[in-house]
Amino acid sequence: MSVSRRGFLQGLGVDRTHAAAFMAARGHEELVAEAMQQGRQGGARMRPNLPPGVEAIRISSNENPLGPGKAAIDAILGKFPEANRYPFNSTPLDADLEILIAKLNTAKRENVVLGVGSQELLKNAARVFMSPTRHLVIPSPTYGDPAGFAQNALHYTVKSAPVNDKTLKTDLSALLPLVKGAGLVYLCNPNNPTGTINTAQEIKDFVAEVKKSSPTTAILLDEAYCDYASDPSFATAIPTALATPGVIVARTMSKAYGMAGVRIGYAVGDAATIKKMAAYRMPYNVNTFGVAAAVASLKDPQHIKDESARNKTVRDFTTKFFADLGYTSTDSQTNFIFTDIGKTMTAAQFRDACAAKGVMVGRDFPPLEKQWARISLGTMEEMQKATDVFRSVLKPATTTSSGKGQ
């Protein structure tokens with residue numbers, strides 16, 4: 001028996017507005033993070049007990065609070081009649097997505113490999129380019145999956161250099177002495193959790209220096225948050241990756257595109273490098289719904305421009321709120337801010353106090369976990385409510401700050 005789109009949603013007990021949140025699976029990462037945190041504290045519950053009528057504001061996983069755009073939702077719902085088909089046997093094909101990504105980046109299909117979000121791609125890069133004698137180089141702090149996988153699953157060496165202590169930007173010059181003999185260098189740009197960027201020219205010069213001093217070292221540039229960058233000095237490194245063997249740019253549909261629960265990512269690089277990555281791709285790794293949503297989203301660039309502008313307005317509002325209280329934030333180019341709240345309390349105390357009032361902010365980010373808090377950006381309405389909670393939790397700092405890097 002066939003099921004209409006409306007019938008499917010009615011069966012779930014939701015309307016099309018709520019379908020976006022359903023498809024995006026917003027909140028899963030927060031639940032995992034909270035469970036880990038409470039586990040360390042001996043707790044068994046996953047959600048805090050809140051007063052009656054108080055709804056949690058979940059701003060801890062850098063998810064798009066609005067979910068996928070209309071074109072993506074329509075594409076997902078339209079694919080349910082083809083749920084019985086593998087992605088290589090449905091319309092559009094996974095190959096169609098690869099071809100579209102290549103076209104949008106002035107490349108060929110052989111320059112693209114798909115992944116289950118970007119996590120599969122980050123892990124596969126470690127598998128391809130690292131070994132017991134070829135280490136990983138990362139800034140600290142940065143997104144933890146590559147280092148965690150290298151150390152805990154592969155048991156390989158990880159070497160790190162701290163971010164700039166004034167701006168919290170990735171210090172590329174501090175990384176260079178570590179790259180000799182490395183299997184892989186990982187850069188998240190814009191960086192998570194600091195929110196800062198390295199300029200297009202800085203990245204290009206860094207790649208050239210790495211290839212000069214250690215020609216066989218691969219470089220993975222994670223651009224998960226690139227669609228939120230508003231600084232004109234930022235630009236994608238895809239042209240550099242296409243022109244330089246051993247350089248890869250990873251992207252995800254989980255952030256600005258609002259599809260964290262749909263799990264679509266891709267990597268771009270020169271053909272020989274991507275061929276090595278593709279050898280580790282899981283069979284049938286992407287799904288029919290995700291492929292359709294990704295194709296529809298990539299054909300709707302205005303939606304991403306609108307989302308980026310919406311996010312910047314919320315980011316400016318939230319950053320100003322903390323600055324007016326005297327708390328410093330980095331120059332974030334993402335959908336989260338990184339704020340030094342250590343003048344009056346530790347980051348853990350801030351997080352726990354906010355959670356008690358129904359506002360969930362980011363987990364610890366060593367080595368800055370004592371005073372810096374990562375706060376994801378929700379809708380303007382959510383952030384207005386969240387800042388009321390922040391004001392009740394924080395004491396005004398004794399000095400006013402305009403923000404690091406600004």
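Two strands count as paired if DSSP finds at least two bridges between them. All views below are taken from a predicted model.

**View 1. The seven-stranded open sheet.** Seven strands line up in the order β2-β8-β7-β6-β5-β3-β4, and their pairing is mixed. The edge positions belong to β2 (112–115) and β4, each of which has a single partner strand, so one side of each is left without a neighbour in the sheet. From one strand to the next, the twist averages 25°. Strands of a sheet pair through backbone hydrogen bonds, either parallel or antiparallel.

**View 2. The β7–β8 pair and helix α9.** Strand β7 (residues 247–252) and strand β8 (residues 265–269) run antiparallel and are joined by five bridges. Within this pair, I248 stands opposite G269 of β8. Helix α9 (residues 200–213) packs on the sheet and touches β5 (184–188), β6 (218–222) and β7. The direction of α9 makes about 160° with that of β6.

View 3. Three strands form an open sheet in the order β9-β10-β12, with antiparallel pairing. β9 (328–329) and β12 (372–376) are the edge strands; each has a single partner strand, so one side of each is left without a neighbour in the sheet. β9 and strand β10 (residues 336–340) run antiparallel and are joined by two bridges. T328 has D340 in β10 as its bridge partner. Helix α13 (residues 301–325) packs on this sheet, in contact with β9, β10 and β12. Its direction makes about 10° with that of β10.

**View 4. Packing of helices α6 and α11.** Two packed helices are described by the angle between their axes and the distance between the axes. For helix α6 (residues 119–129) and α11, the angle is about 100° and the axes are 9 Å apart. Angles of 65 to 115 degrees count as roughly perpendicular, and α6 and α11 are therefore roughly perpendicular to each other. On the α6 side the contact involves L121, N124, A125, V128 and F129, which meet T273, K276 and M277 of α11.

**View 5. The loop between α11 and α12.** This loop runs between α11 (271–278) and α12 (288–298), and Y284 is placed in it. Y284 forms a nonpolar surface patch with Y86 and F88; together the three have about 350 Å² of accessible area. R281 forms a salt bridge with D94, with the closest N and O atoms 3.5 Å apart. R281 lies in the loop between α11 and α12, while D94 is in helix α5, so the pair ties together parts that are 187 residues apart in sequence. The structure holds 14 salt bridges.

View 6. Most residues other than glycine have a negative phi, and most peptide bonds are trans. T91 and P92 are joined by a cis peptide bond, with omega about -5°. P92 is found in the loop between α4 (70–78) and α5 (94–104). The bond from S140 to P141 is also cis, with omega near 5°. P141 lies in the loop between β3 (136–140) and α7 (145–153). L168, a residue other than glycine, has a positive phi near 65°. L168 belongs to the loop between β4 (158–162) and α8 (172–175).

Methods:
Residues are numbered from 1 along each chain as its sequence is written. This is a predicted model: local features need pLDDT of at least 70, side-chain atom pairs count only at pLDDT 80 or more; totals for chains, interfaces and linings use all residues. Side-chain values use heavy atoms; hydrogens and water are left out. Helices (H or I, at least four residues) and strands (E, at least two) are DSSP runs, numbered from the N terminus. Contact means heavy atoms within 4.5 Å. Axes are lines fitted to C-alpha atoms, for helices over the stretch in contact, and angles run from 0 to 180 degrees between N-to-C directions. Patches are made of residues with over 30% relative accessible area and no salt bridge: like charges are joined within 9 Å, nonpolar side chains (Val, Leu, Ile, Met, Phe, Trp, Tyr) within 5 Å. Accessible areas come from the Shrake-Rupley method with a 1.4 Å probe; for residues, only the protein chains shown count as cover. A salt bridge is a side-chain nitrogen of Lys or Arg within 4 Å of a carboxyl oxygen of Asp or Glu. Angles under 35 degrees count as roughly parallel, over 145 as roughly antiparallel, 65 to 115 as roughly perpendicular and the rest as oblique.
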